[in-house]
Amino acid sequence: MTLKTEPFVVNIGPQHPSTHGVFRLRTTLDGEVIVDVEPIFGYLHRGIEKLAEERTYGGIIPLTDRLDYLASMSNNMGYCMAVEKLAGIEVPERAEYLRVILAELQRIASHLIGVGAFFNDLGAMMTPIVYMIREREKIVDLFEMLCGQRLTYNFMRFGGLSQDIPEEFLPALRKFLDQMPRFIDEYDQLLMDNEIVLARSKDVGVLPAETAINISASGPVLRGSGVKWDIRKADPYSVYDRFEFDIPTGTAGDAYDRYRVKVEEMRQSLRIIEQAVAQLPGGPFRSKVPFLVRPPVGEAYAHIESARGDLGFYLVSDNSIAPYRFHVRAPSLINLTALREMLIGWKVADAIIIFGSIDIVMGEVDR
Amino acid sequence: MEIVPERPSLIELDRHEGQVIEDMKAASNRPLSDPVAWLEEDIERNILLTTVDAMINWARGSSVWPAMFAPACCAFEMIAMAASRFDVSRFGMEIFRASPRQADLMITAGTLTWKMAPNVKRIYDQMAEPKWVLAMGSCGVSGGIFASSSYAVVPGYNRIIPVDVYVPGCPPRPEALLYGIRMLHQKIAKGSLARHDN
Amino acid sequence: MTAVLSPRNIADRLEKEFPGSIVSSDDNSFEMNSTFLVPAARFLKDTPGLDFDFLSYITGIDRYDHFELVYHLVSLKHNHSLTFKVRCYGRDNPSAPSLTPVWRGADFQEREIFDLLGVRFEGHPNLKRIVLWEGFDGHPLRKDFLG
Ligand code: SF4
């Protein structure tokens with residue numbers, strides 16, 4: 001005799017400890033197995049793209065902070081690059097180097113939370129993330145030294161930075177660079193070969209390379225599937241072509257690989273910062289830019305490799321002080337495209353892990 | 001000249017006083033016992049006298065458990081506050097409850113959108129009394145930087161649920177949030193069971 | 001460096017393959033007739049030497065008298081990119097064919113354009129509002145949206 005079960009619908013979210021914000025999965029379950037799932041977004045849609053149409057170009061920088069709030073510096077950088085391209089603004093060398101340093105620090109800070117939250121989802125509630133927040137606080141302190149803010153920095157400007165780094169920044173950064181590799185080793189010691197971690201994340205949520213490309217995935221999700229594609233190498237911006245670094249990739253495309261890619265990227269980021277600090281030139285930190293930027297009619301697209309992937313800003317100008325259209329290519333949103341097929345067939349407990357391994361930020365998904 | 005005493009006899013008075021002393025001496029042959037000696041020793045060690053209100057408020061204020069509710073950017077300052085550096089467990093609230101039914105405090109760490117509003121109301125309704133709401137960040141207070149995007153963003157949580165403490169900032173620093181929590185403690189201390197307005 | 005393929009060249013090739021498909025072309029992008037969108041997309045994706053396997057982004061712009069859809073393609077294989085545009089007319093029911101059958105990365109982005117600009121994508125498997133709620137009145141990214 002076969003037992004029949006009725007599929008039933010269970011909501012995960014929008015308020016749920018593992019949804020990384022306000023995200024909702026409407027799952028249809030058969031017993032514990034997911035037979036269908038529909039991701040529902042929009043619980044943090046704040047209309048940033050619309051708001052940008054009524055602000056001056058400079059006034060949009062604070063809005064970009066709040067897109068991917070775990071990587072505000074990268075967002076600032078991507079947006080400023082788009083405006084610089086649109087208006088033909090030059091950036092001095094020193095500013096470019098400092099931007100690279102800040103963007104890489106931001107990547108480390110963001111991956112720390114990404115990895116820590118992933119372990120929260122795995123069931124290692126709080127312990128790993130508390131370790132990682134410890135180091136994130138050090139990076140936050142460095143940023144605070146620059147601009148007095150801990151989360152939303154609003155530090156980059158068209159043609160450079162809002163101000164030069166203070167004297168005490170480089171020694172503090174030096175100290176951080178000396179400490180950090182040991183901390184990353186410490187996490188690995190704790191987590192990398194942990195039997196439970198392996199059992200729960202190996203071969204879970206496999207995303208084949210072909211699908212990953214077809215759904216336009218980017219960042220650690222794409223690289224976890226073994227595609228060596230990183231905007232810093234493929235389409236080098238700023239001064240990234242002057243540094244030596246590797247692109248870590250996974251092989252299986254499972255949750256574990258995505259986690260490992262993030263950890264290795266932290267090491268590579270440290271390498272880049274080391275080189276950038278060593279080569280850091282003097283000179284102005286910002287070029288002379290009109291107070292109200294009025295780019296000529298046209299459009300520009302600039303993209304960077306943010307912590308979550310290929311983050312792009314598309315701007316259309318009608319020669320006024322506000323953009324005609326401001327569009328963000330949000331890697332978090334696009335990486336979720338394959339979520340449905342990644343989840344179907346897995347148990348609810350695995351779904352949390354698979355979702356966590358994609359590492360999204362709702363501010364960017366919904367905008 | 002003979003001195004006539006005003007009172008019949010001062011010596012009488014002296015005797016009377018002497019008698020009091022004698023009586024007291026006679027009655028005080030044992031040390032006085034503890035006034036609450038009728039209590040058993042176990043109980044006696046554990047009783048303090050206070051008002052019911054002060055007692056209950058003290059208990060409530062010392063274990064305000066926040067609901068796990070993290071809509072947007074401010075959440076990361078809330079998490080930073082809960083982590084080891086700022087260590088909110090000093091105030092008896094390290095346990096963030098995933099179920100609103102076990103929580104006393106909602107820290108509204110982020111922008112509220114109209115799409116989310118019914119869910120927030122529901123979470124609030126599910127929380128058991130007594131409950132408090134701390135509006136964190138400019139978005140929680142008034143919609144903040146997004147207030148003009150009125151088609152999507154609710155201008156402040158107080159449109160949906162009553163707010164007890166407002167902590168402005170975008171995002172507020174963890175210290176500011178801790179200060180807000182201390183203010184909430186003061187507010188709790190003023191509450192009374194008789195008035196139903198805790 | 002991602003090479004930007006000359007839009008004029010590609011436009012010529014497409015015009016040869018699908019006569020009448022190209023409306024105009026300049027140095028940054030070319031504009032395509034929306035009826036040819038899906039076959040042209042397949043051509044761009046499957047032709048050896050072009051191999052645009054990665055749809056980077058789609059976005060829409062409200063130009064008052066028409067809606068302009070912008071497509072940005074990248075080839076991870078050859079590391080080159082291409083931008084092209086499609087116009088859809090009408091304010092009540094503008095529509096364009098969906099590219100989800102070719103690149104599934106278009107899925108959420110097309111839903112977003114449908115939600116915020118009100119452009120329908122014919123052939124999309126699940127075209128409904130993505131960030132706003134069902135029953136929301138209007139499309140916020142339109143220039144005449146009052147809010
Ligand atoms: S107040 Fe600022 S930091 Fe907090 S949720 Fe709003 S925008 Fe984000």
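## Ground rules

Helices here are DSSP runs of H or I with at least four residues, strands are runs of E with at least two, and both are numbered from the N terminus. Keep in mind as you read that this is a predicted model.

With that numbering in hand, take A:D203, which turns up in the loop between α7 (195-201) and α8 (209-214) of chain A. Its phi is near 60°, a positive value in a residue other than glycine.

## Chain A overall

Chain A has 15 helices and eight strands. Its radius of gyration is 21 Å, close to the 21 Å that the globule rule gives for 367 residues, so chain A is as compact as a globular protein of that length. Taken along the principal axes, the box filled by its C-alpha atoms is roughly 80 × 45 × 35 Å.

How much of chain A is buried? Of its 367 residues, 66% are. As for how the chain contacts itself, take the pairs at least 6 apart in sequence: 71% of those contacts join residues at least 24 apart.

## Two helices side by side in chain A

Two packed helices are described by the angle between their axes and the distance between the axes. For helix α4 (residues 93-122) of chain A and helix α6 (residues 169-191) of chain A, the angle is about 25° and the axes are 13 Å apart. Angles under 35 degrees count as roughly parallel, and that is why α4(A) is called roughly parallel to α6(A). The crossing of α4(A) past α6(A) is left-handed.

Which residues meet here? On the α4(A) side you'll find A:I101, A:L102, A:L105, A:I108, A:L112 and A:F119, and facing them from α6(A) are A:F169, A:L173, A:F176, A:M180, A:Y187 and A:L191. Sorted by class, that contact has 12 nonpolar residues, with no polar and no charged ones.

## Two spots to check in chain A

A:E137 sits in helix α5 (residues 127-147) of chain A. Is A:E137 buried or exposed? Its relative accessibility is 4%, and since buried means under 20%, A:E137 counts as buried. Set aside its neighbours within four places in sequence, and A:E137 is in contact with A:R150 as well as B:A80, B:R85 and B:F86.

The other spot is A:S216, in the loop between α8 and α9 (220-224) of chain A. Here too phi is positive, at about 65°, although A:S216 is not a glycine. With a relative accessible area of 0%, A:S216 is buried.

## A crossed helix pair in chain B

Over in chain B, helix α4 (residues 74-82) packs on helix α7 (residues 174-190) at an angle of about 75°, and their axes are 9 Å apart. Angles of 65 to 115 degrees count as roughly perpendicular, so that is the label for α4(B) against α7(B).

From α4(B), the contact uses B:E77, B:M78, B:A80 and B:M81; from α7(B), it uses B:P174, B:L177, B:L178 and B:I181. That gives seven nonpolar residues, no polar ones and one charged residue.

B:N57 has its place in helix α3 (residues 52-62) of chain B and counts as buried at 8% relative accessibility. What does B:N57 touch? Not counting residues up to four places away in sequence, its partners are B:I188, B:A189, B:K190 and B:G191. B:A70 is 13 residues from B:N57 along the chain, and 27 Å separates their C-alpha atoms.

Now for a couple of cis peptide bonds. One joins B:E129 and B:P130, with omega about -10°; B:P130 is in the loop between α5 (117-126) and β2 (132-136) of chain B. Another runs from B:C170 to B:P171, with omega near -5°. B:P171 lies in the loop between β3 (165-167) and α7 of chain B.

## Chain C overall

Chain C has three helices and eight strands, and they come along the sequence in the pattern β-α-β-β-α-β-β-β-β-α-β. Its radius of gyration of 15 Å is close to the 15 Å that the globule rule gives for 147 residues, so chain C is as compact as a globular protein of that length.

Along the principal axes, the C-alpha atoms of chain C fill a box of roughly 45 × 30 × 25 Å. Buried residues account for 60% of the 147 in the chain. Of the contacts in chain C with a separation of 6 or more, 48% are between residues 24 or more positions apart.

Key:
Residues are numbered from 1 along each chain as its sequence is written. Chains are lettered from A and ligands numbered from 1 in the order in which they are written. This is a predicted model: local features need pLDDT of at least 70, side-chain atom pairs count only at pLDDT 80 or more; totals for chains, interfaces and linings use all residues. Side-chain values use heavy atoms; hydrogens and water are left out. Axes are lines fitted to C-alpha atoms, for helices over the stretch in contact, and angles run from 0 to 180 degrees between N-to-C directions. Angles under 35 degrees count as roughly parallel, over 145 as roughly antiparallel, 65 to 115 as roughly perpendicular and the rest as oblique. A crossing is left-handed if the near helix is turned anticlockwise from the far one by less than a right angle, and right-handed if clockwise. Contact means heavy atoms within 4.5 Å. Ala, Val, Leu, Ile, Met, Phe, Trp, Tyr, Cys and Pro count as nonpolar, Asp, Glu, Lys and Arg as charged, and the others, Gly among them, as polar. The radius of gyration is taken over C-alpha atoms; the globule rule is 2.2 Å times the number of residues to the power 0.38. Buried means under 20% relative accessible area, exposed over 50%, partly exposed in between (1.4 Å probe, protein chains only).
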